[in-house]
Structures are given as C-alpha cells and as structure tokens.
Amino acid sequence: MELLWLLLPIAAASGWWAAQRSPMGRNSAVVRNADYFKGLNYLIDDQPDQAIEVFTRMADVDRDTAEIHLALGNLFRRRGEVDRAIHIHGSLITRTHLTTDQRQRAMLELGEDYLRAGLFDRAEELFQKLLAQPDHTILALSRLIHIFQQEKDWRQAIAHSDRLERISGESKRRQTAHFCCELAEEANARHQDDEARTWLLDALARDPNCTRANLLLGRSAMRAGDYRAAITAFQAVERQDRGYLPEVITPLGQCHNALGCLNEWIAYLREVQERDHGGRITDALAEWLLRQEGEEVALQFLERELREYPTLLGLRRLVEIKLARGQGAEYADLRALHCISTQMLNSAARYRCDHCGFVVKSLHWCCPGCLQWSTIKPLPDLVMKTNA
Ligand SMILES: [Zn+2]
C-alpha cells in the first residue's frame, strides 16, 4: 500500500480544489470533502476496494475527480493489479461529465490495461477509435503495431508502421523488413516460393542491411539446388554484418562442396579470416584444410592461429586432429581436454541481445527481453587476445 500514500496529497488537493470551484455551493463542498476523507481513510486502512468505490461514486458528481481516477488506475496497473485498473478506467469512460481530453486519456489507459492483461481484441478496438484523434494518433499507432505483432498479423503491422513513419518522421524500416521476412517464412511454409521471394526483395528494399532476408534467400536457393545463388546470398550476409557469419559458414561449406569448388571455398575462408579471427572461422578453415591439404597443414595453421587468437573452438579442433592420430602417450590427457572443451561449448550461451543483454541459446530475430528487432547476435567464441 505504500505507493497509494503518494496519491494522498493529490487526492487532498484535488478535493480542496474541487470544493473551491464547486458551483453547487458550500453544502456540496462539505459533502464532497467528507467523501474524500472517507475515501482517504479506506486507503489508509488498506481497503482499496472501498476507496475506489467512494472515488468512483464521486466521479458522478463532476469531472474534477477524473484525474484521481486516472492516477489510481495507472497505479494499480503498475503494481500488476490489472483487474482493478480495468475497473477504474472502464467505469471512468462511462461517466457523462468528462471533458473530451479526459475521456480520450481514460480510453488510452484502459487500452494499456487490456494490453497488460493480454486482451488484445479489446485493446485494438480502443486504439482504433483513438487513431482519429490527432493528439493520440502516434501513440495509438505504436500500440496497434505492438498488437499486430503479437497476433502475427504482419500485413497490418506493415501498413500501420508505414503510416507511423510518415507521421512521426522516424524510420520503421528495420522492423518492417522483418515483418516482410515473417510473411516470406509463412509463404515458404506453404511452398509458395515466388511469393516468399517477393517479400524478401521487399524486405531488402526497405532495409538493405536486412541480414535475415539474405539468409532466407540463400536457404531458399539451396532448397531449389541453385548453389551459386545461395553462395551469393550467404556471402552478402557476411558483408552486411560480420557478426552473423556463424549462421552462414555451414551452409556456405555445403554449397561449395555440392559444386565441387573447395579451393574457392578455402580461398574465401582465408579472405574472411584476415578480418575475423573468431573461433568459428578458425574451426571451419582448419576443418577444410584437413580435408583438402592434410593433417600437417591443418595443425600448423591451428598452432600458429591459436598462439595469437586463443579460441575454445580452435583448441577443440586441434585436440580432435591430434586424437585422430591414435593412441600416444598424451592420449588420456587429450581425451579429457576434448571432453572439457565440448562441455564448455555446449553449456555456453550462443546469442546475446546488443540492446538489453538478453542471453539465449537459439537465434531470435525479435528480442524476447526488449522486443527490438535484429539486436540478438551470435556471441563470438571465447577469444582471449594476448598482448604478447
Ligand atoms: Zn533485447
């Protein structure tokens, strides 16, 4: 109840102010003050239901008490008591003596209550009504976009985001590109490849840095057996944002393998490795060097690389190659090292949100923590850069 205490000065001042302004004379002011003190007493006695009842009844008298009800309702919502907030804001908008501004603010707050309660259809109805009110259009649009995302109604989310962008002047292209990608994934699930491709090109037109669109284009080309197109799309992902390289390394290797152009693949890995010494690129390059050029070349590469850029994935690859040589004096130690590094890699978080720090094991395009798009990225492998 300690938060409710904060409302007491507002309630008392509002009661006094209402009494001063009352056109009904001294008697009604006395009655109102009595009601206020009754309401305040209920609050003090930790009986919010009765307090709300008294304050709600007072809203029938005139519009001056509306501010208290708005504040009370917001307070309950912040405390997580959404049913009470809905009751207060809901009863407020049925009153006849409110100003237009008060009624619209009560509708906004009730919409927020419904959102918090997960009653999206009721929230949507209120925010749709508020769209036509210039003072509330931007907020109503942003809340409707949130609702359409929750309901996975991506077409409406795009249309309302475009409208919000026009009105506010703030770019919404990163998120609308993702909405197009969502529609592309739905089309892919229905095997409508042409429709999916149209949505992905739309996504890239909206946001040329949309890595997800190129990733999906690459996967789609791979499914169709067009490995050259898939390589182009996957390599574009690395150019757009090097942080997503771990997502494309494996399919890129598969495409080059299918085309039988492994020398081209190793040349590409070496080129990328000049700007990225992360564990995954080191691991991939060692794996393909082992296949193409043999054990000695792969080991020499790993020993040289790990001395300057120690990574857990690189270390495990080195141990694996040495283990494959067979039973030597160090075999038991190598087995233990392999086991420990594998356990560490399996238990490590693989992705983190750049915006809020949320950590997850699989890639989410929309962060579950902060609801931002494209902020969750693969974590680099444990790299301990030495100063030596
Ligand atoms: Zn986040």
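Author: The axes of helix H13 (residues 211-223) and helix H15 (residues 245-259) come within 11 Å of each other and cross at roughly 25°. Here helices are DSSP runs of H or I with at least four residues, numbered from the N terminus; axes are lines fitted to C-alpha atoms over the stretch in contact, and angles run from 0 to 180 degrees between N-to-C directions. H13 is therefore roughly parallel to H15, a term for angles under 35 degrees, whereas those over 145 count as roughly antiparallel. Leu215, Gly218 and Met222 of H13 make the contact with Glu247, Val248, Pro251 and Cys255 of H15, where contact means C-beta atoms, placed from the backbone, within 7 Å.

This is a predicted model, in which local features need pLDDT of at least 70, side-chain atom pairs count only at pLDDT 80 or more, and totals for chains, interfaces and linings use all residues. Residues are numbered from 1 along each chain as its sequence is written.

In helix H14 (residues 227-240), the buried residues include Tyr227, Ala230, Phe234 and Val237; buried means that 20 or more other C-beta atoms lie within 10 Å of the residue's own. The buried residues of H14 pack against H13, H15 and helix H16 (262-273).

H15 and H16 pack with their axes 9 Å apart, at an angle of about 160°, so H15 is roughly antiparallel to H16. In H15, Leu245, Gly253, His256 and Asn257 meet Leu262, Glu264, Trp265 and Val272 of H16.

How values were computed
Helix = DSSP H or I, 4+ residues; strand = E, 2+ residues; numbered from the N terminus. Parallel < 35°, antiparallel > 145°, perpendicular 65-115°, else oblique. Contact = placed C-beta atoms within 7 Å. Expected span 1.5 Å × (residues − 1). Buried ≥ 20, exposed ≤ 12 C-beta atoms within 10 Å, placed from the backbone.
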